[in-house]
Amino acid sequence: MTKLPPRSRKVRILATLGPASDTSEMIRALFIAGADAFRINMSHGAHEDHAARIAIIRALEKEFQRPTTILGDLQGPKLRVGAFEKGLAILETGAAFTLDRDETPGNARRVNLPHPEIYAALVPETRLLLDDGKLVLRVKAIGEDRIDTIVEVGGALSNRKGVNVPDVVVPVPALTDKDRRDLSFAMSQGCDWIALSFVQRPEDLAEARKLMGGYGALMAKIEKPSAVQRLEEIIELADGVMVARGDLGVELPPQSVPPLQKQIVATARRMGRPVVVATQMLESMIKSPSPTRAEVSDVATAVYDGADAIMLSAETAAGDWPVEAVTMMDSIAHSVERDPGYFGRLHYTETKPDPTTADALAEAAGNIVAVVGASAITCFTSSGSTVRRVARERPDAPILALTPRTDTARKLGLTWGVHAIRTKDIGTFEEMIGKARRMALRHGMTEKGGKIVVLAGVPFGTPGSTNVLHVTAIRGDELKGRDEG
């Protein structure tokens, strides 16, 4: 077993795996550099490739004796045009252009659009964005089999490029046949989180929930303007959310994305759900060993806003400098969290507790840390709900989550400030205090003479019963003659 101390930073780093990071040596290097969780992107690669990477992560988990989080990211419904006679066509600004149900290869005047749901949803004067928004069409007339448009922003359009429909909700199913297969695979492989792409409305989460049947945790990716309009309803039904800024930036003006990012992060924090900020965070590090100053500032902003996790995409999946990208993100996060003004900025977002005993104790734990200078908050948890409540308050101390359940420990890997450990359950109050002291000492979260705050529920082992808060001092001899338990 290799010993690695708990991360000293609070924000978590989620690294995407891909061709540049598919060996055990590279994934291990990413983990040591600071990756707390790994994203398996179902949009690319075969199941056998993903299975090999997941096996490597689980081997690392055993080596380091640290529960490690895996997020399976479903592709979602992709809308695309058909093919062109010459592989591409040049669409002239101001020219007429038709999208139709004819599968004949297209040209500069028309192309196939094989998605009947788009025809049913559009109204005149709405926009169609092609190839990640590089081309813009304005709808003029809609029939059952054709959409007549004017090219507002022209350019080259090649085979099967994507189509975005920002102005209306397109009634496409949230899960495609591919997504269902990928979801089944992700569950069979033990992925801890499932990310659902292109969520437009709360109802989109229902089928995934049903197929998961209580398994794992569900993350809603917010990348459609329609999702922002029903944000609280979506967050209420999800276990966590991701600010997927790439697609948000396609369907919205770029200047609209930063305030939306802050809105989504603040709303998720108020509602007690983990929130991940993703896409293009250190984009230039795909090809360069160092980021731009603007990218550094972007990552820092997400940390200052109190995001639970920040994500690397192509930087670690397909870039030339994957380890350097993780190292840089880790360094930026540490720098922000050492800022004396960091915790003041974190609490610009007000997180009012619900009128429950558990929430009252979670808020009190943070206050006690501030008043008596406790070095850690130790939470005994079965489901993880106690830990998430404490993390919502963003206390000025690390959160040590002690749980008998491996799945709970893994899911907590995307929660701000949490170091989760799988350990045997407790049966008495004295056992609770003894174990809390030992684990805090063993994992370097306190030292002789320090104080820790302990949260638990009585009767022990009952989910959702948090009703005990205790402050205890560390003698320093708690580990003498003790094993790892």
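Tutor: One definition before that: Lys and Arg count as positive, Asp and Glu as negative, while His and the chain ends are left out. Also, this is a predicted model.

Student: OK. How many positive and negative charges are there, and how far apart are their mean positions?

Tutor: The chain has 61 positive and 62 negative charges. Their mean positions lie 5 Å apart.

Student: Switching to the fold. How many helices and strands?

Tutor: There are 17 helices and 21 strands.

Student: What box do the C-alpha atoms fill?

Tutor: Roughly 80 × 45 × 40 Å, along the principal axes.

Student: And what share of the residues is buried?

Tutor: 55% of the 485 count as buried.

Student: Which residues have the most contacts inside the largest nonpolar core?

Tutor: Phe-38, Leu-196 and Ile-310. That core has 72 residues. Helix α12, residues 322–337, gives the most to it, with six residues.

Student: What does Ile-310 touch, leaving out residues up to four places away in sequence?

Tutor: Its contacts include Val-11, Ile-13 and Leu-14, then Val-277 and Met-281. Val-299, Ala-302, Val-303 and Met-329 are also among them. One of its partners is an arginine, Arg-12.

Student: What about the second core?

Tutor: That one is separate and has 26 residues, among them Leu-113, Val-139, Val-165 and Val-168.

Student: Last one: how much accessible surface?

Tutor: About 19,800 Å², with 52% belonging to carbon and sulfur atoms.

Notes:
Residues are numbered from 1 along each chain as its sequence is written. This is a predicted model: local features need pLDDT of at least 70, side-chain atom pairs count only at pLDDT 80 or more; totals for chains, interfaces and linings use all residues. Side-chain values use heavy atoms; hydrogens and water are left out. A nonpolar core is a set of buried Ala, Val, Leu, Ile, Met, Phe, Trp, Tyr and Cys residues joined through side-chain atoms within 4.5 Å. Buried means under 20% relative accessible area, exposed over 50%, partly exposed in between (1.4 Å probe, protein chains only). Helices (H or I, at least four residues) and strands (E, at least two) are DSSP runs, numbered from the N terminus. Contact means heavy atoms within 4.5 Å. Accessible areas come from the Shrake-Rupley method with a 1.4 Å probe; for residues, only the protein chains shown count as cover. The place of a charge is taken as NZ of Lys, CZ of Arg, CG of Asp or CD of Glu.
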